[in-house]
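Hi,

Here is the model I promised to pass on. Have a look, and my notes on the salt bridges follow below.

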Amino acid sequence: MPAEFSPRARAAFQRRLLTWFRTHRRELPWRASRDPYRVWVAEIMLQQTRLAAVLPYYHRFLKQFPDVHSLAASREEQVLRLWSGLGYYSRARNLRRAANEVVAKHTGEFPRSFDAALALPGIGTYTAAAVLSIAYGLPHAVLDGNVARVIARLYAVRGDLREPRRWKQLARIADEILVARAAGDWNQALMELGETVCTPFAPRCEVCPVSRLCTAYARGLTSKIPAPRRKRAPVKIRIAAAILRDPTGRVLLVRDPGAHDDVLFSRMWQFPAVEVAQDAEADLRAHLANDLNLDFSKVVLTPLAAARHGVTFRNITLLPFLADVARLPKIPRSKILPLADLRRVPVSSATRKIAAAVSDFASRKPLARPKPPHGC
Ligand code: SF4
């Protein structure tokens, strides 16, 4: 759709897309009502996370925290436990902090002013526009990766869409084409088109409701727009972790300071771990002794199966070691619990993978040889 698109053609485009959305929209749990709290939780969970992954978390979260008051009254640990495995845990921390502010400063109602919404922890321009338009019908246009791609193809905007000048251009177009009287449906229609039809690779132009108005389609540019982003070079990281286990099957979890950045274990409960510089076992022993003041020099560290873990540009190899000890040490900022109870505390998926290596090891361990019959 070129910039010189006539008002009549633009109206046709808006009508087609809205009609398509209202006929084909997916039934999603937060679409059943316009409750700002439900829309808000959904938008936060969907940031950088696939819909299929979000759905079970969303249902569990809403069951535990059905409204902003229950979330505001929660403990951070409860929220993180429900979020465990979904990743990007600052979202959960901010969501809870923002719920506190909504209760304390806005009498429990998500603010209707764009600036007040933006002032809440974890709310950026996209989330503010999404919640205000979907829940309250306020005329704010959203712009996220899906919407940017759709607009870029419609208008044949070339180059890196995240480049600030280009992003501003796309935001201006998003504002221009917004259907103010149906802002919520309009924004969701653009998002839905980007998620289900105008996908990053192989867009389904043949079923697209606005293909007749799409410049990239008309010019055969759909595979060239948007231009591929320059990816950050992958970084390889090895992390050695110690599962210290006592004879009753309990393990030690810590809030391990300084072993690695926040990304991997997300400042949640984890096994003692260290980034490997040279030798995994030697580095782990040094970490236990020097940073956690634990003397396990005489304890055998049994290497378990390594696990792969990816976080953005980091290619991480997790190297778990099992150490069976007579007694677990009591140290500050630590927790001792049965390994099977790990799901009851907030942990990252990296910690779950490390724990899984123990179960895997136990199931593969050769059975004890049967004793020979007496007399042999
Ligand atoms: Fe996207 Fe193709 Fe539709 Fe254009 S015609 S908006 S490229 S799906």
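D246 and R250 pair up in a salt bridge, with N and O 3.1 Å apart; the term here means a side-chain nitrogen of Lys or Arg within 4 Å of a carboxyl oxygen of Asp or Glu. D246 is buried at 7% relative accessible area, while R250 is partly exposed at 35% (buried is under 20%, exposed over 50%, partly exposed in between, with a 1.4 Å probe and protein chains only).

Keep in mind that this is a predicted model, so local features need pLDDT of at least 70 and side-chain atom pairs count only at pLDDT 80 or more, whereas totals for chains, interfaces and linings use all residues. Residues are numbered from 1 along each chain as its sequence is written, and side-chain values use heavy atoms, without hydrogens and water.

The count comes to 18 salt bridges. Among them, E76 and R93 have their closest N and O atoms 3.5 Å apart. That one links helix 5 (residues 76-83) to helix 6 (residues 90-105), across 17 residues; helices are DSSP runs of H or I, at least four residues, numbered from the N terminus. R93 is buried at 9% and E76 partly exposed at 33%.

E163 and R165 also meet, at 3.7 Å from N to O. Here E163 is partly exposed at 27% and R165 exposed at 61%. There is a network too, joining R26, R31, E192 and E195.

On confidence: pLDDT (the predictor's confidence in each residue, from 0 to 100) averages 90 over the protein chain, and 93% of the residues score at least 70. Where pLDDT is low, the predicted coordinates should not be read in detail.

Cheers

Terms used
Helices (H or I, at least four residues) and strands (E, at least two) are DSSP runs, numbered from the N terminus.
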